[in-house]
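Biologist: Thanks for sitting down with me over this one. Could you walk me through the labels, and the values behind them?

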Amino acid sequence: MTEFEIKSELLHHCQNQVGVRFSKIKQTIAGIEESLFDESKSSAGDKHETARAMLQIDRENAGRQLQEIEKINQLLKKIDIKATSDYARLGSLINTDKFNYFISISIGAVTIDTTEYLCVALNSPVGQLLSGKRKGETFTLNGTNYKIKKVL
């Protein structure tokens with residue numbers, strides 16, 4: 001598999017993860033909307049008002065999560081897997097002597113053709129350590145030294 005195909009597969013996996021989270025949040029919002037509608041039929045006094053207030057808070061929280069997913073989606077759209085660079089940046093595939101990293105969003109480990117890649121956000125601790133690094137450079141994470149073998 002070429003580097004481009006690996007990057008493409010990793011980006012696709014990131015997009016799928018975001019899509020799943022988006023769907024779950026939309027389902028949550030739909031459930032809250034339905035509950036609010038059901039609560040509006042009831043008129044049990046203070047208990048009714050408390051339940052409606054709690055549902056409104058849940059709806060606001062789900063709305064914030066939806067906005068966050070939209071931001072992540074916009075970030076994923078900025079990743080150009082065709083672009084190459086000799087330094088680590090958004091969309092880079094970095095091979096170190098211990099792990100392989102894909103700078104994108106934080107979704108954890110993804111295995112492609114028996115090789116494990118850690119998808120990390122640029123603003124995550126490891127993403128910040130990798131950012132701007134070039135082949136041959138080193139960085140230390142949690143007391144462990146890593147040497148960059150390749151930046152793709």
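Modeller: Happy to! Let us begin with a term: a residue is buried when its relative accessible area is under 20%, exposed when it is over 50%, and partly exposed in between, with a 1.4 Å probe and protein chains only. Bear in mind that this is a predicted model, where local features need pLDDT of at least 70 and side-chain atom pairs count only at pLDDT 80 or more, while totals for chains, interfaces and linings use all residues. Residues are numbered from 1 along each chain as its sequence is written, and side-chain values use heavy atoms, with hydrogens and water left out.

Biologist: Why is S104 called buried?

Modeller: Its relative accessibility is 0%, and buried means under 20%, so S104 counts as buried. S104 sits in strand β2, residues 100-104. Helices (H or I, at least four residues) and strands (E, at least two) are DSSP runs, numbered from the N terminus.

Biologist: What is S104 in contact with?

Modeller: Setting aside neighbours within four places in sequence, S104 is in contact with C14, L75, I79, L90, C119, V120, A121 and L122. Contact here means heavy atoms within 4.5 Å.

Biologist: And S92, why is that residue called buried?

Modeller: The relative accessible area of S92 is 2%, which is under the 20% limit, so S92 is buried. S92 is in the loop between α2 (46-78) and β1 (93-96). Not counting residues up to four places away in sequence, S92 touches K7, Y87, Y101, F102, I103, V151 and L152.

Biologist: What makes a set of residues a nonpolar core?

Modeller: The set must consist of buried Ala, Val, Leu, Ile, Met, Phe, Trp, Tyr and Cys residues joined through side-chain atoms within 4.5 Å. The largest such core in this model has 38 residues, and those with the most contacts inside it are L10, I94, Y101, F102, L130 and F139. Helix α1 (residues 3-41) gives the most to this core, with nine residues. As for I94, its contacts beyond four places in sequence are A88, F99, N100, Y101, I103, L130, I148, K150 and V151.

Biologist: Let us turn to helix α1. Why is Q27 called exposed, and why is K26 called partly exposed?

Modeller: Q27 has a relative accessible area of 58%, over the 50% limit, so Q27 is exposed. K26 comes to 42%, which lies between 20% and 50%, so K26 counts as partly exposed. K26 and Q27 both lie in helix α1. The C-alpha atoms of Q27 and A62, 35 residues apart along the chain, are separated by 9.9 Å. For K26 and E68, 42 residues apart in sequence, the C-alpha to C-alpha separation is 13 Å.

Biologist: What makes D113 and N142 count as exposed?

Modeller: D113 has 52% relative accessibility, over 50%, so D113 counts as exposed. N142 has a relative accessible area of 74%, again over 50%, so N142 is exposed. D113 is in the loop between β3 (108-112) and β4 (115-121), and N142 is in the loop between β5 (138-141) and β6 (144-151). Phi is near 50° in D113, a positive value in a residue other than glycine, and phi of N142 is near 50° too. D113 and M1 are 112 residues apart in sequence and 8.2 Å apart in space, C-alpha to C-alpha.
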